[in-house]
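Dear colleague,

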Amino acid sequence: MMTTTAYETDLRYPVGKFNWDVPLSEAEYPRLIAQIADAPGALKSAVAGLSQKQLDTPYRPGGWTVKQVVHHLPDSHLNAYTRFKLALTEDEPTIKPYDEAAWAKLPDSQQVPIDISLTLLETLHVRWVALMRSMDADGFGRTLRHPEHDRVLTLGHMLGLYAWHGRHHVAHITALRKREGW
């Protein structure tokens, strides 16, 4: 008999919630960077062959459409890339949060074809992954202040967050496809 875990029944968190309190070791960085490197291809595969009607389907009741999820990933990861660069060049910068839900309602997230965001995510990740692969332990130890979460975070922690973030949103789409038989 198969059992389901809480995250398998909570459509918001198909890979589970990100745990802010789990420390990451330096040995985990290459695996997490590889997950970020793989995210654009995983997203592209997740949406391959979907019709416009399917792209306009929310991944869960009350959730974003598949199209909005696709556009959200480069929005979010552009911010993450900028946050990495700020933390590498400034002493504990305070980052600017943004209203993800409001961004998802803007016309570009509603009207622009997803291929644009798939390409943007792919090219952004080339730069971001190159930056992260050039970093040493001291670089990943650099910090930033996240006022929305009232935390000082290391770039190592941010690496873990964004590796999770890509998997999280790809799983929104793949779980929807599985439920709908797409």
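In this predicted model, α4 crosses α7 in the left-handed sense. The two helices, α4 spanning residues 66-89 and α7 spanning residues 114-134, pack at an angle of about 25°, and their axes lie 9 Å apart. Since angles under 35 degrees count as roughly parallel, that angle makes α4 roughly parallel to α7. On the α4 side, the contact is formed by Lys67, Val70, His71, Leu73, Pro74, His77, Leu78, Ala80, Tyr81, Phe84, Lys85 and Leu88. On the α7 side, the residues involved are Ile114, Ser117, Leu118, Leu120, Leu121, Leu124, His125, Arg127, Trp128, Leu131 and Met132. Sorted by class, the contact of α4 with α7 comprises 16 nonpolar, four polar and three charged residues.

Helix α7 also packs against α2, which covers residues 29-47; their axes come within 8 Å and cross at roughly 170°. Because angles over 145 degrees count as roughly antiparallel, α2 is roughly antiparallel to α7. From α2, the contact draws on Ile33, Ala34, Ile36, Ala37, Ala39, Pro40, Leu43, Lys44 and Val47. Helix α7 contributes Ile114, Leu118, Leu121, Glu122, His125, Trp128, Val129, Met132 and Arg133. The contact of α2 with α7 contains 14 nonpolar residues, one polar residue and three charged residues.

A further packing partner of α2 is α9, at an angle of about 25° and with the axes 9 Å apart. The two helices, α2 and α9, are therefore roughly parallel to each other, and α2 passes α9 in a left-handed crossing. In α2, the residues that meet α9 are Tyr29, Leu32, Ile33, Gln35, Ile36, Ala39, Ala42, Leu43, Ser45, Ala46 and Val47. Their counterparts in α9 are Gly156, Leu159, Gly160, Tyr162, Ala163, Arg167, Val170, Ile173, Thr174 and Arg177. This contact of α2 with α9 has 14 nonpolar, five polar and two charged residues.

I turn next to the spaces in the model. The structure holds one cavity of 30 Å³ or more, and the largest cavity has a volume of about 30 Å³. Its lining consists of Trp64, Gln68, His71, His72, Asp75, Glu100, Trp103, Ala104 and Ser109. Helix α4 supplies four residues, the largest share of this lining; α4 and α5 (100-105) each give at least two. By class, the cavity lining divides into three nonpolar, four polar and two charged residues. His71 lines the cavity and also belongs to the contact of α4 with α7.

The largest pocket has a volume of about 630 Å³. Of the 25 residues that line the pocket, Glu100, Trp164, His165, His168 and His169 lie nearest its centre. The elements that give two or more residues to this lining are α4 and α9, the latter spanning 155-180. Helix α9 gives the most, with seven residues. The pocket lining is made up of ten nonpolar, ten polar and five charged residues.

With kind regards

Methods. Residues are numbered from 1 along each chain as its sequence is written. This is a predicted model: local features need pLDDT of at least 70, side-chain atom pairs count only at pLDDT 80 or more; totals for chains, interfaces and linings use all residues. Side-chain values use heavy atoms; hydrogens and water are left out. Axes are lines fitted to C-alpha atoms, for helices over the stretch in contact, and angles run from 0 to 180 degrees between N-to-C directions. Angles under 35 degrees count as roughly parallel, over 145 as roughly antiparallel, 65 to 115 as roughly perpendicular and the rest as oblique. A crossing is left-handed if the near helix is turned anticlockwise from the far one by less than a right angle, and right-handed if clockwise. Contact means heavy atoms within 4.5 Å. Ala, Val, Leu, Ile, Met, Phe, Trp, Tyr, Cys and Pro count as nonpolar, Asp, Glu, Lys and Arg as charged, and the others, Gly among them, as polar. On a 1 Å grid over the protein atoms alone, a cavity is a set of points where a 1.4 Å probe fits but cannot get out, and a pocket is an open set with protein on both sides within 12 Å along at least five of seven lines; lining residues have an atom within 4 Å of a point. Grid points are joined across faces, edges and corners, and a volume is the space filled by probe spheres set on the points.
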